[in-house]
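Here's a walk through the model, going from single residues to the chain as a whole. Keep the viewer open while you read.

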Amino acid sequence: METTADPADRTIDGYLRADFAWYGLDEAFTGHRWLAPVGRSADGTVEHGSTGHGDEPSVKVEPTPDNRRFTVVVTVAQRPVRHSADGTGVLEETSVSSAAWLAGSGLLSCTWPTQMERHLREDWLDQQTAIAWDLADNLDGADWSTLTLPVDGEPAPFHYRESEYGWVMAGSARGVHLGAFGRGMSAYGLGLSRVKDIHAYRR
């Protein structure tokens, strides 16, 4: 009889196959840790992933106020301009903007307004996604400030912004691009560190 692989096993397998280090909150955070599925290129190469801390996002449409508390750290591989797997196109170089976009869109996916009618919600998501893209493409703009946080114990500068939905930040350190987003947990005072054992994030 054929058995179906545990979804958690499939998720963690993507992290184990990556050719770069993963980052999350340091040991000062003692709460629940979890993983989101990795992002892959067309040829299956792992390009980015997100380590979660605190409450996990819910896909349920709940009419009650959202009081979840979480921080999600996005790690993006540093990649140069390169040809696509099928040789028909070129993939852009990854950058801090890549991490900012993934963090911004990740925050939207966790905080969209469930009380809206479906067609209004779709319009809202389209509008907010476009705004997130523009913001990620203009990290030197007035919408961003600078926040310095420790990464593996060394201070690293991040672009940082807040909104009514939560906060987003992005920067580069230790050979990867790092983004993060959160709600209910302040970004100030957080510390990031290389994940020593990705199994600590097993659901």
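This is a predicted model: local features need pLDDT of at least 70, side-chain atom pairs count only at pLDDT 80 or more; totals for chains, interfaces and linings use all residues.

## Aspartate 134 on helix H3

Aspartate 134 is exposed, because its relative accessibility of 52% is over the 50% cut-off. You'll find aspartate 134 in helix H3, which covers residues 118-136.

## Salt bridges

How many salt bridges does a search of the whole structure find? The answer is five. One of the salt bridges in this model joins arginine 17 and aspartate 13, with 2.7 Å between the closest N and O atoms. Arginine 17 is exposed at a relative accessible area of 59%, while aspartate 13, at 28%, counts as partly exposed.

Now for arginine 79. Its salt bridge with aspartate 19 has the closest N and O atoms 3.1 Å apart. That pair links distant parts of the chain, 60 residues apart: aspartate 19 sits in the loop between helix H1 (7-16) and strand E1 (23-25), and arginine 79 in the loop between strand E5 (70-77) and strand E6 (82-83). Aspartate 19 is exposed, with a relative accessible area of 56%. Arginine 79, by contrast, comes in at 15%, so it falls under the 20% cut-off and counts as buried.

Arginine 79 also meets glutamate 47 in a salt bridge, at 2.9 Å from N to O. Glutamate 47 lies in strand E4 (residues 46-54) and arginine 79 in the loop between E5 and E6, so this pair ties together parts that are 32 residues apart in sequence. Both arginine 79 and glutamate 47 are buried.

Does helix H2 have the length you'd expect, or is it off? Its 16 residues (96-111) should span 22 Å at 1.5 Å a residue, and the end C-alpha atoms are 23 Å apart, which agrees. At the start of H2, a side-chain oxygen of serine 95 reaches to within 3.2 Å of the backbone nitrogen of serine 97.

The buried residues of H2 are Val96, Ser98, Ala99, Ala100, Ala103, Gly104, Gly106, Leu107, Leu108, Cys110 and Thr111. As background for reading that list, an α-helix has 3.6 residues a turn, so residues three or four places apart point the same way.

Over in helix H1, have a look at threonine 11. Threonine 11 has a relative accessibility of 17%, so it counts as buried. Apart from neighbours within four places in sequence, threonine 11 is in contact with Leu35, Ala36 and Pro37.

## Positive phi in two loops

Most residues other than glycine have a negative phi. Aspartate 152 has a positive one, near 55°. Aspartate 152 lies in the loop between strand E8 (145-151) and strand E9 (154-163), and it is partly exposed, with a relative accessible area of 32%.

Arginine 174 also has a positive phi, near 55°. The loop here runs between strand E10 (166-173) and strand E11 (176-183). At 44% relative accessibility, arginine 174 counts as partly exposed.

The secondary structure of the protein chain comes to three helices and 12 strands. Of its 203 residues, 45% count as buried. Among contacts between residues at least 6 apart in sequence, 57% join residues at least 24 apart. The accessible surface of the chain comes to about 11400 Å², and 50% of that belongs to carbon and sulfur atoms.

On confidence, the chain averages a pLDDT of 85, with 80% of the residues scoring at least 70. Where does pLDDT stay under 50? That happens over residues 1-5, for which the model has two contacts beyond four places in sequence.

Definitions and conventions
Residues are numbered from 1 along each chain as its sequence is written. Side-chain values use heavy atoms; hydrogens and water are left out. Helices (H or I, at least four residues) and strands (E, at least two) are DSSP runs, numbered from the N terminus. Buried means under 20% relative accessible area, exposed over 50%, partly exposed in between (1.4 Å probe, protein chains only). A salt bridge is a side-chain nitrogen of Lys or Arg within 4 Å of a carboxyl oxygen of Asp or Glu. The expected span of a helix is 1.5 Å times one less than its number of residues. A polar contact is a pair of N or O atoms within 3.5 Å; within protein, one must be able to donate a hydrogen and the other to accept it, and residues adjacent in sequence count only if both atoms are side-chain atoms. pLDDT is the predictor's confidence in each residue, from 0 to 100. Contact means heavy atoms within 4.5 Å. Accessible areas come from the Shrake-Rupley method with a 1.4 Å probe; for residues, only the protein chains shown count as cover.
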